[in-house]
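Trainee: Please take a close look at the ligand site. I would like one connected account of it and of the helix packing beside it.

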Amino acid sequence: FGEVPTGFPEPGKTTIYDDSDTIDLENVPLQGGFLVKTLVLSIDPYLRGKMRDPDVKSYSAAFIKGEPLHNFGVGVVLRSENSSVKAGDHVYGVFTFQEYFVAPKFEGFRILANEEKIPWSVYVGVAGMPGQTAYYAWKEYAAAKKGEVAFVSAGAGPVGSFVIQLAKAQGLKVIASAGSEEKVNFMKSIGADVVFNYKTQNTAEVLAKEGPVNVYWDNVGGETFDAALQHAANEARFLECGMISGYNGQAPPVKNLMYIVSKQLKIYGFLVFALSAKYEDEFYKVVPRQIANGEIKYTEDIKNGLQYAGHAIYEVQAGKNKGKSVILVAEE
Ligand code: NDP
């Protein structure tokens with residue numbers, strides 16, 4: 001990690017690629033831990049929130065200047081002195097952005113048996129933290145009924161695209177927005193009924209025509225949240241998942257807050273980790289199998305090599321990623 005950005009993160013300044021370090025794979029001391037070869041790393045919107053002054057407290061620790069970034073990854077264990085994991089196991093957890101690293105303890109990691117033989121990259125996407133976010137919170141808060149109307153913003157990403165499919169599976173009419181024609185086409189291909197590009201079509205106008213909205217899945221905040229408040233049905237549920245329109249600058253003030261009162265809206269803010277204990281086992285039983293069967297569809301935007309991590313981080317914030325953003329660090 002380099003300097004805390006004021007606006008969008010800048011590769012080479014906010015994040016710096018450094019290949020000067022070497023590791024002796026045969027002899028590096030493990031001290032009761034295990035040595036991992038990184039295969040894939042996830043690039044997620046919340047990483048922007050970790051690029052801040054470390055004195056400012058938040059739900060996820062700040063990146064420290066001069067230290068490697070960290071986020072979810074999948075890797076293969078090369079050596080282990082820990083009884084919970086052995087050489088050859090594939091593990092999922094929070095990785096440092098390095099080709100190899102020694103994990104001091106097993107806590108926080110999960111062994112992936114991957115009987116379904118889905119690509120490892122999917123375990124940081126729809127079968128990983130973003131998929132869990134969609135699955136857990138939809139089950140916990142949507143209270144969806146057949147025939148209702150759902151609206152999903154940032155509907156082409158790993159969270160939004162899974163939400164669209166969950167809503168369709170329950171018989172809702174789904175309106176979904178994203179920022180390019182390619183993303184709009186993808187949302188249509190996975191079953192969304194009404195799709196639009198929020199950069200060329202006015203969100204409030206679309207919702208006025210196609211709403212009112214019973215369930216709003218908010219990935220973006222700002223003007224889109226405002227439009228959803230305006231066109232919400234009475235007693236609509238708002239699943240406040242993220243507000244990316246304000247991550248790299250100030251989103252405009254929300255004008256329609258009074259509708260929360262007058263329409264008796266239910267607003268649920270959540271963090272995926274808080275719902276893990278309730279849904280994680282079920283998720284791993286159900287979702288990888290559905291992905292393998294083709295019941296759940298996804299897209300990925302894979303960059304080949306750790307040197308592109310900074311670019312990928314920028315692209316996710318700027319909406320230039322074309323699907324779940326993943327860094328392929330190494331093949332098996
Ligand atoms: P995506 O892969 O969809 O990437 C984020 C997308 O947000 C961009 O591609 C871009 O797409 C869109 N975006 C960026 N800026 C704006 C803007 N100003 N207005 C509207 N859309 C914008 O991300 P994920 O699916 O991984 O995550 C989606 C959301 O879920 C994020 O807000 C994230 O922070 C949140 N999240 C929350 C979790 C929780 O526990 N609460 C856990 C995981 C994710 P476009 O081309 O459409 O503009």
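Mentor: Classes come first: Ala, Val, Leu, Ile, Met, Phe, Trp, Tyr, Cys and Pro count as nonpolar, Asp, Glu, Lys and Arg as charged, and the others, Gly among them, as polar. This is a predicted model, in which local features need pLDDT of at least 70, side-chain atom pairs count only at pLDDT 80 or more, and totals for chains, interfaces and linings use all residues. Residues are numbered from 1 along each chain as its sequence is written.

By class, the ligand shell holds 14 nonpolar, 10 polar and two charged residues. There are 26 residues around the ligand, and Gly157, Gly179, Gly242, Ser245 and Gly319 come nearest. A residue counts as near if its C-beta atom, placed from the backbone, lies within 6 Å of the molecule.

Now the helices, which are DSSP runs (H or I, at least four residues) numbered from the N terminus. H1 (129–141) and H2 (158–169) each give the shell at least two residues. H2 supplies the largest share, three residues.

H1 also packs on H7 (residues 276–293), at an angle of about 115° with the axes 11 Å apart. Axes here are lines fitted to C-alpha atoms over the stretch in contact, and angles run from 0 to 180 degrees between N-to-C directions. From H1, Gly131, Gln132, Tyr135, Tyr136 and Lys139 meet Tyr279, Phe283 and Val287 of H7. Contact means C-beta atoms, placed from the backbone, within 7 Å. This contact of H1 with H7 has five nonpolar, two polar and one charged residues.

Definitions and conventions. Contact = placed C-beta atoms within 7 Å.
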